[in-house]
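Biologist: I am new to this model and would like to be guided through it. May we proceed by question and answer?

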Amino acid sequence: MTTEALALIVFLPLLAAAGAVVLPTAWLGLSIRVGLMPLPLLLLIPTLEVLENGAYRIALAGHSAPLGIAWQLDPLSLLMLWLNVGMTLLISLHANCSFRPGQPHAHRFWPLWLLLFAGMNALLLSADLFNIYVTLELVTLTAIGLIALEGKPPALRAAMRYLLLALLASLLYLLGVGLIYGQTGVLDLYLLAERLAPGWLSVTAIALMIVGLLIKAAIFPLHAWLPAAHGNAPGPVSAILSAMVVKVSIYLIWRLWFWGVPEWDLDRAALLLGVLGGMAIVYGSLAALVQQRLKLIIAYSTVAQLGYLLLLFPLASTLAFQAASYHLLSHGMAKAAMFLAAANILRSLGTDRLRHLAGIDQRLPLDVFALALGGVSIMGLPPSGGFLAKWLFLEAAWSARAWSWLILIALGGLLAAAYLFRVLAVVCLHPRRRGNHRHLKRTPDTASLAAMLLAVGAIIAGFTSAPILDLVEAGLPPGLPR
Amino acid sequence: MDSATLYVLAAAVLFGIGVHGLIVSAHLMRKLFAINIMGSSIFILLVATATPISGQADPIPQALVLTGIVIAVSATAFGLALMVRMSQETGKATLAVEDEPENDD
């Protein structure tokens, strides 16, 4: 039963994507529904299984590892799957306004969207290093197709730059996989721990894979492709890119680090990754502070917020793991809400330049409210998911006596407040705000509703943390200190 | 020098050529070629790991290389399509830094 449900979680969106390509336009709506709507129900079955019995493993086609390919669902991947399903569904609500079947780009958007969804689900389930490479390529290529969808020159350029770097990144990852296979003869992520001894070749292999994934995750100083790509993509695409697509690369680094090579002595490498994360936080925030376009501000904010996910490596404790997972979750919702709200503003105003946004709150109150609520969570103000994540981070740094990380986390919150209040100040307090914007296009209510739902989700995440944090704790790698 | 070493050396040289091409060339077609050369070098390395010390060759790396080639072909096709579209829209097939009007009006 669980096996069938997990198979459907990948294959239904895949089938729907194929259907969206070959079936006539009149059937597009049906394909979309088939590919998206049953997913939460289907995910309930494996959820009950994992909550009751712990990690669930499938040997595909009955061939067990090391020869066969395995899928493994444990509490962490379960959390990621729920996040992916929830976000994709909510963002699809928004996409259904801008890419309603019959509209110009709809027949190109939905197949790619469903394929991206299927690819992400497969990636999160996979336990095989090469299979992960294949799913990563699927995710990257569909994501780039979605960025380039509308064919505007800046988006095309951003997509091309992303493509070249992403292909380079994939090759580095693949080279690492090849070196690991050459030494161990296994490709299963969960068999590495016992088979892969530290030596110069295996260290090189793991380092290559991590560098590849850092490029895909746009970690400073490998972030250069992200702002243009996320800032020029269509709204729903920016939302899923910032909320999920860059995060799965970091999720994979966590997997490699804590599950693949848990016995290695990696203190110096952990420090290096932590420093990169810190630089990402400071640089991304400062860059967000000087941008003139709303979507670019939000995109640079993603560069900054991704840095927190790397602080897990130097802190390496149960608390830090909970903090990082919770940050991943609440930042995902908040950032998706902000990108969707920005997309609505851009759509009705025709521009998202900051100086044109004065007074927009009177005309698009719901979207500005969603933007502000998302911002509250990103800044880490209580009560919100972002606040809780930052609090857990501070607690983790405190109990590890890591004062420099403590200061960095606090500074990151202040900087986030600075770049977000800059936006809100222009929107709500600018002297030119009266009488502006007489000729706005109306945004569809569903589009604003989707942004609002995600923003409210990011706030509610501040209240309902216990079951999620318990789930994360249940899925922790062995041997992590409290 | 045995054949495995030869393969690994060839892979290293090709990888270097690929990286050089990716960085140095401006035209997107050359950049895509460079990426393909890097890909080939990794495939050679994978095949080298399958070289039998005694008896049969290991089939798994060969299966990986086949899959890898399929992915490389699709990614290249996509990259070329994107490049063609770019040159139709902007009149050139390069990514110059001054083309990024991030913040101007």
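Biologist: Which residues in α15(A) meet α21(A)?

Modeller: The model is a predicted one. On the side of α21(A), the residues involved are A:Ser465, A:Ile468, A:Leu469, A:Val472 and A:Glu473. By class, this contact of α15(A) with α21(A) comprises six nonpolar, four polar and one charged. The residues that α15(A) contributes are A:Thr318, A:Phe321, A:Gln322, A:Ser325, A:Tyr326 and A:Leu329.

Biologist: How are α15(A) and α21(A) oriented to each other: parallel, antiparallel, perpendicular or oblique?

Modeller: Helix α15 of chain A covers residues 318-349 and helix α21 of chain A covers residues 465-474. Their axes are 9 Å apart and form an angle of about 125°, and the crossing is right-handed. Angles of 65 to 115 degrees count as roughly perpendicular and those over 145 as roughly antiparallel. The orientation of α15(A) and α21(A) is therefore oblique.

Biologist: What is the helix content of residues 126-410 of chain A?

Modeller: An unreviewed UniProt entry places the feature "domain: NADH:quinone oxidoreductase/Mrp antiporter transmembrane" at these residues of chain A. The end C-alpha atoms of residues 126-410 lie 36 Å apart.

Biologist: What pattern does chain B follow along its sequence?

Modeller: Chain B has 105 residues, of which 30% are buried. Its secondary structure consists of three helices and zero strands. Read along the sequence, the pattern is α-α-α.

Biologist: Where does UniProt place the annotation "transmembrane region" in chain B?

Modeller: Two of the annotated stretches can be set beside the model. Residues 6-25 of chain B are 95% helix and 0% strand, with end C-alpha atoms 28 Å apart. Residues 63-84 of chain B are 100% helix and 0% strand, with end C-alpha atoms 32 Å apart. The annotation, from an unreviewed UniProt entry, covers residues 6-25, 32-51 and 63-84.

Biologist: Which element gives the most to the side of chain B that touches chain A?

Modeller: In total, 29 residues of chain B are in contact with 27 residues of chain A. The elements of chain B that give two or more residues to this side are α2 (28-49) and α3 (59-90). The element that gives the most, with 14 residues, is α3(B).

Terms used: Residues are numbered from 1 along each chain as its sequence is written. Chains are lettered from A and ligands numbered from 1 in the order in which they are written. This is a predicted model: local features need pLDDT of at least 70, side-chain atom pairs count only at pLDDT 80 or more; totals for chains, interfaces and linings use all residues. Two residues are in contact if their C-beta atoms, placed from the backbone, lie within 7 Å. Helices (H or I, at least four residues) and strands (E, at least two) are DSSP runs, numbered from the N terminus. UniProt positions are given in the numbering used here, feature names are shortened, and annotations may be inferred rather than shown by experiment. Axes are lines fitted to C-alpha atoms, for helices over the stretch in contact, and angles run from 0 to 180 degrees between N-to-C directions. Angles under 35 degrees count as roughly parallel, over 145 as roughly antiparallel, 65 to 115 as roughly perpendicular and the rest as oblique. A crossing is left-handed if the near helix is turned anticlockwise from the far one by less than a right angle, and right-handed if clockwise. Ala, Val, Leu, Ile, Met, Phe, Trp, Tyr, Cys and Pro count as nonpolar, Asp, Glu, Lys and Arg as charged, and the others, Gly among them, as polar. A residue is buried if 20 or more other C-beta atoms lie within 10 Å of its own, exposed if 12 or fewer, and partly exposed in between; C-beta atoms are placed from the backbone.
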